[in-house]
Amino acid sequence: MQSFEQLSSQFSSFFNQAHFPAQPESLYRPAEYFLGLGGKRVRPVCCLMGNELFDEILPDTWQVATAIELFHNFTLIHDDIMDKAPLRRGLETVHIKYGEPTALLAGDVMLVVAYDYLNKVKSPHYHRLVSLFNTTAKEVCEGQQLDMDFEKQDTVSLDAYLHMIELKTSVLLAASLKLGAILGGAGEGNLHHIYEFGKNLGIAFQVQDDYLDCFGDPAKFGKQVGGDILSNKKTFLLIRALETAQGQDQQDLQALLQSNPPDKVQQVLRIYKNTGVDQWAVQLKNEFMEKALQHLDDIAVLSKRKEPLRQLAHFLVQRDY
């Protein structure tokens, strides 16, 4: 069994190729530019790890992993447009650098090329793979729409937010693992457990992301701490604070959501600490992490084969950036 770092290096070498034709350059250069921004490649590597958990990595798995990475980047290009984000990994987003119409088309063609890679799969499980890929793609779109819907709502329940995060973030991580496991010949019980492992890990990952946005070290996190607070973004922490804050804290929080004083981040963080939201978020993260690890434990393969996935889970949830 190989570590995440080892497989990540191998996937980067495999993925570092031209995925698009040369012309029209005005369309394909922006697509290649975005792929060149890099990233951790967590999802495609999880596909490789899901395969290797049950069998040696098959040639088909590299094609599916590439399709997953292209699909993920397609969603990021469109998310940046919807979020009006100026930067991605410290560099200009595609719509800022090349304009919104080109960014839309660059994302669209990236999705089409993802299916080109899926079509290279020779596995007898091909139709099952495509079905899971398509279901997951629809769910990610549903999650993004719910996220935008929440921006217009004054209140969002924790259950509704969890459902949105599951769709927007978790299902792609879970499906990546399951797609690899299908290629590796896993049985139904193991497929269930590896999917649930990924789904719960994805939620724990998002809780940690929300937490770091408020309480992380900006030098390590790489982003402005408190960015979610300044944009009134509904996160695990804000939703919990709105549900639990009492008296003056509740009044102050409501007022801060309607204004942008210079010390808004500090004021909101004070309310979060008064209501114990910071400690609650750590506990919530740990609950989903424990669920994920229980499903990993329940996968019927030798424990030592699961160690790379266990190490990856701890890294994703305990990271400080």
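**Reading salt bridges in a predicted model**

Modeller: The count comes to 12 salt bridges, a salt bridge being a side-chain nitrogen of Lys or Arg within 4 Å of a carboxyl oxygen of Asp or Glu. This is a predicted model, in which local features need pLDDT of at least 70, side-chain atom pairs count only at pLDDT 80 or more, and totals for chains, interfaces and linings use all residues. Residues are numbered from 1 along each chain as its sequence is written, and side-chain values use heavy atoms, with hydrogens and water left out.

Biologist: Which residue does R88 meet in a salt bridge?

Modeller: R88 pairs with D80, at 2.7 Å from N to O. D80 is buried, at a relative accessible area of 3%; buried means under 20%, exposed over 50%, and partly exposed in between, with a 1.4 Å probe and protein chains only.

Biologist: Where do D252 and R270 lie?

Modeller: Helices are DSSP runs of H or I, at least four residues, numbered from the N terminus. D252 and R270 form a salt bridge whose closest N and O atoms are 3.7 Å apart. D252 is in helix α13 (residues 247–257) and R270 in helix α14 (residues 264–274), so the pair ties together parts 18 residues apart in sequence. R270 is partly exposed, at 34%.

Biologist: How many residues apart are E307 and R310?

Modeller: Three, about one turn of helix α16 (residues 307–318), which holds both. E307 is partly exposed at 32% relative accessibility, while R310 is buried at 17%.

Biologist: Which residues do salt bridges with shared partners join into one network?

Modeller: D147, K168 and K233.

Terms used. Helices (H or I, at least four residues) and strands (E, at least two) are DSSP runs, numbered from the N terminus.
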